[in-house]
Amino acid sequence: MIVAERKSFAEIKEMIEGYKKVLVVGCGTCVAVCLAGGEKEVGVLAAELKLSNKGSSDPAGFGEATVQRQCDMEFLDELKDIVGEYDALLSMACGAGIQFLAERYPEIPVFPAVNTTFIGVNKDVGWYEERCKACGSCVLGMTGGICPVTMCAKSLFNGPCGGTNHKSCEINKDQPCAWYMIYERLAKQGRLENILKISPPNDWRNTKPQTLIQPGYEERKAAAE
Amino acid sequence: MKSGSQLEKILTAGHFAFTGELGPPRGANVEAIKKKAAPLKDMVDSVNITDNQTAVVRMSSWAASLFAIAEGLEPNFQMVCRDRNRLAMQGDILGAYAHGIRNMLCLSGDHQQFGDHPQSKGVFDIDSMQLITMVKDMRDEGKFLNGQEIDDPPKMFIGAAANPFAEPFDWRVYRLAKKVQAGADFIQTQCVFNMERMREWVKQANDMGLTEKVYILAGVTPMKSLGMARYMKSKVPGMDVPDYIIDRLKGVDKKEQANEGIKIACEQIEEFKEMKGVAGVHLMAIEWEHKVPEIAERAGVLPRPKV
Ligand code: SF4
């Protein structure tokens, strides 16, 4: 899933300063699972905003709404009857959702209430770890299912480097060395020959905006344009 | 000859190579380079010019390499993968070669988190292994990484690093084999303190036939003090400082520690001269350049052969 963390209250407050009516928009998918921007978090943020307004001579108004997925126009459409009442939208979705919301309602300023951090896994409630950088050229088959791009601090394709420190990465004792793990896993599977070969330079496909059309959907896209 | 560098000539002639190191200044201070360069002249065959070492901004390694040439030294131009993408790297290699630089050391580089700009974006477009192959193909095939032809290809003598001491130990000789396969002509190792481990690694390299294909220069760093030894043992990743080194420094008077450190280094160099599979020593006298003549003298590597 995509993992995000809420911005500090002070930063959020500063962004929406001067707007009289703000709709806090949550997303019911990834950011709800990672406890950053689902219905519950929308409620908490809206309550905090209302509270901080107390005693103000000219208080702002805050509304709440959570759609199932902000990265899907169909769900964003559900807001069309209420957004007109607001002069700003405060999105708690990932960066993709925030942009899609802004694209759907281009007349209204949209602000991010979270920082989108990574594609990761649920280690435990409230505990997430990054696993994928969406580089676009997956090598997990060669590396025993451990991503060198994400898990190695230098994104090495031919590790481990000389900094490996008692199974930890040179950057931090608490960060396991990805290449040490790759080595151990492949050794156990009897597949070390995978990394005896030199891996060629990666094709970094994630450095420009990308579009993907699954096979069979080309015509549909053409018709929409 | 692949590049015709002094270092290549020394090694191919079968002489025991002796190389040094010079860290460029944290500023445009040319006098500082000259000051560090002076004691190295005629003491070493080639001088590694570090590239934003420890991820701290310094004068660029190619520029400092040119000043080294002007001071009568032969530079070993270091290049890390942290700060440039493949375009910038190839551009710098062309420029460095055009200016007379003939040796290169291909490194991954320390992570930027340790340096003076920890918020920076680490590039790591290619890794050190891929860099070695890139420089080799530029030289031998006359081609850029994308396969296109180079008008007057740069011919570098290609160096790489090896750390025989980092985990997983069993893998280290295979990583060396990969660097040889990638195209490394010479290897400079991490600072050696653990001689048992070093002997074992060199033996493995001999047994695999690697030392017939690549020149191994053993990294030697004289300890300046007990404090430095302790720091290297506990704080520097990938450094293997056995207790007996600490004990030897502890065993002498504080004023004698530097001398004892040089003594240990010289004993190591003596052993390396005799060690099958070791073709030379790379002396990393960190911020101790002025001591190099004394160390070279005491290690019995003078005068340097003229080739
Ligand atoms: S220590 Fe391991 S994880 Fe860290 S940079 Fe080196 S190879 Fe990558």
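Contact here means heavy atoms within 4.5 Å. Helices (H or I, at least four residues) and strands (E, at least two) are DSSP runs, numbered from the N terminus. This is a predicted model, in which local features need pLDDT of at least 70, side-chain atom pairs count only at pLDDT 80 or more, and totals for chains, interfaces and linings use all residues. Residues are numbered from 1 along each chain as its sequence is written, chains are lettered from A and ligands numbered from 1 in the order in which they are written, and side-chain values use heavy atoms, leaving out hydrogens and water.

**Stop 1: the barrel of chain B**

Select chain B and find its eight strands, which form a closed barrel in the order β1-β2-β3-β4-β5-β6-β7-β8 with parallel pairing. From one strand to the next, the twist averages 30°. Two strands pair if DSSP finds at least two bridges between them. For one such pair, select residues 186–191 (β6) and 215–220 (β7) of chain B: the two strands run parallel and are joined by four bridges. Cys191(B) has Gly219(B) in β7(B) as its bridge partner.

Next, select helix α4 of chain B, residues 86–98, which lies across β3 (75–80) and β4 (103–107) of chain B. The helix runs at about 170° to β3(B); axes are lines fitted to C-alpha atoms, for helices over the stretch in contact, and angles run from 0 to 180 degrees between N-to-C directions.

**Stop 2: helix α2 of chain B**

Select residues 30–37 of chain B. Which residues of helix α2 are buried? They are Ile33(B), Lys36(B) and Ala37(B), where buried means under 20% relative accessible area, exposed over 50%, and partly exposed in between (1.4 Å probe, protein chains only). Seen down the axis of α2(B), these buried residues fall within an arc of 100°, so they line one face of the helix. That arc is taken from the directions from the helix axis to the C-beta atoms. The cover over the buried residues of α2(B) includes β1 (17–22) and α3 (61–70) of chain B. On the other side of α2(B), look for Glu31(B) and Lys35(B), which are exposed.

At the start of α2(B), a side-chain oxygen of Asn29(B) comes to within 3.1 Å of the backbone nitrogen of Glu31(B).

**Stop 3**

Tyr244(B) sits in helix α9 of chain B, residues 243–250. With a relative accessible area of 35%, Tyr244(B) is partly exposed. A polar atom of the Tyr244(B) side chain lies 3.3 Å from the backbone oxygen of Phe193(B).

Then move to Lys291(B), in the loop between β8 (280–283) and α11 (292–298) of chain B. Lys291(B) is partly exposed, at 23% relative accessibility.

**Stop 4: from chain B to chain A**

Select Gln130(B) in helix α5 of chain B, residues 128–140. Is Gln130(B) buried or exposed? Gln130(B) is buried, with a relative accessible area of 3%. Its side chain reaches the backbone oxygen of Pro200(A) at 3.0 Å. Leaving aside neighbours within four places in sequence, the contacts of Gln130(B) include Phe157(A) and Asn158(A).

Finish on chain A, where the domain assignment gives domain 1 (2–136 + 205–215) and domain 2 (143–198). Such bounds come from an automatic or database domain assignment. The centres of domain 1 and domain 2 of chain A, taken over C-alpha atoms, are separated by 35 Å.

Terms used: A polar contact is a pair of N or O atoms within 3.5 Å; within protein, one must be able to donate a hydrogen and the other to accept it, and residues adjacent in sequence count only if both atoms are side-chain atoms.
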